[in-house]
Amino acid sequence: MSKKIFVQIASYRDPQLVPTLRSLFDNADNPEMFNVGIVWQKDDNESLEEFEEHPQVKYLTFDYKDSHGLGWARSQNAQLFDDEELTLQIDSHHRFLKGWDTLMLEDYEQALSFSENPILSTYLTPFRVGDGDEPN
């Protein structure tokens, strides 16, 4: 399956945003399938580092003092949608296992046998910051 997936991230001053992006791309079997949209509620000292000019990452920036909450930030993300076939909504503090995208799409394909428009939902595995950032 070679679908484009829009990854929506609402981030409020989260120092784990950049490590989350690294983990998402580095551990995907097919990183080219992802377009990431970030609603970045930040202060002037924060940076997206290598993702500021990444061709698969788009973002809207807001001063964190102007934030109107998570629901508002997630609704702002709709502006970054570009007709991708699927969407994945995550928080800005996650880690991904090698091949996570293949596993997710296998689950999606299986769910299609039960519904024309399946929704996959889960609580992700916790991880410890500074402990190799690997899921527990």
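1. Helix H1 (residues 17-26) lies across strand E1 (5-12), E2, E3 and E4, and runs at about 175 degrees to E2. Axes here are lines fitted to C-alpha atoms, for helices over the stretch in contact, and angles run from 0 to 180 degrees between N-to-C directions. Helices (H or I, at least four residues) and strands (E, at least two) are DSSP runs, numbered from the N terminus. Helix H3 also packs on the sheet, where it touches E1, E2 and E4. The direction of H3 makes about 120 degrees with that of E4. Contact means heavy atoms within 4.5 Å.

2. A word on the model. It is predicted, so local features need pLDDT of at least 70 and side-chain atom pairs count only at pLDDT 80 or more, while totals for chains, interfaces and linings use all residues. Residues are numbered from 1 along each chain as its sequence is written, and side-chain values use heavy atoms, with hydrogens and water left out.

3. Next, the sheet. It is open, has four strands in the order E3-E2-E1-E4, and its pairing is parallel. Two strands pair if DSSP finds at least two bridges between them. Strand E3 (57-63) and E4 are the edge strands, each pairing on one side only. From one strand to the next, the twist averages 15 degrees.

4. Look at two of the pairings. Strand E2 (residues 34-42) and E3 are parallel and share seven bridges. Gly 37 has Lys 58 in E3 as its bridge partner. E1 and E4 also run parallel, joined by five bridges. Phe 6 stands opposite Thr 87 in E4.

5. Which side chains of E4 point to one face and are buried? They are Leu 86, Leu 88 and Ile 90. Buried means under 20% relative accessible area, exposed over 50%, and partly exposed in between (1.4 Å probe, protein chains only). In a regular strand the side chains alternate between the two faces of the sheet.

6. How many of the 10 residues of H1 are buried? Seven are, and the helix is mostly covered. The buried residues of H1 are Leu 17, Val 18, Thr 20, Leu 21, Ser 23, Leu 24 and Phe 25. Their cover includes E1, E2, E3, E4 and H3. An α-helix has 3.6 residues a turn, so residues three or four places apart point the same way.

7. Val 39 sits in strand E2. Why does Val 39 count as buried? Because its relative accessibility is 0%. Leaving aside neighbours within four places in sequence, Val 39 is in contact with Ile 9, Ala 10, Ser 11, Leu 60, Phe 62, Ala 73, Gln 76 and Asn 77. Val 39 and Trp 72 are 33 residues apart in sequence, yet 9.6 Å apart in space, C-alpha to C-alpha.

8. Asp 43 is in the loop between E2 and E3. Its relative accessibility is 14%, so Asp 43 counts as buried. Not counting residues up to four places away in sequence, Asp 43 touches Arg 13 and Tyr 64.

9. Check two backbone angles. Arg 13 lies in the loop between E1 and H1. Its phi is near 50 degrees, a positive value in a residue other than glycine. Arg 13 counts as partly exposed because its relative accessibility is 33%. Glu 49, in the loop between E2 and E3, has a positive phi of about 50 degrees although it is not a glycine. At 45% relative accessibility, Glu 49 counts as partly exposed.

10. Last, the largest pocket. It holds about 1,100 Å³ of space. Of its 28 lining residues, Leu 88, Met 104, Leu 120, Thr 122 and Leu 124 are the closest to its centre. Strand E4 (86-90) and helix H3 (100-112) are the elements that give two or more residues to the lining. H3 gives the most, with six. The lining divides into 17 nonpolar, six polar and five charged residues. Ala, Val, Leu, Ile, Met, Phe, Trp, Tyr, Cys and Pro count as nonpolar, Asp, Glu, Lys and Arg as charged, and the others, Gly among them, as polar.

11. How is a pocket found? On a 1 Å grid over the protein atoms alone, a pocket is an open set of points where a 1.4 Å probe fits, with protein on both sides within 12 Å along at least five of seven lines; lining residues have an atom within 4 Å of a point. Grid points are joined across faces, edges and corners, and a volume is the space filled by probe spheres set on the points.
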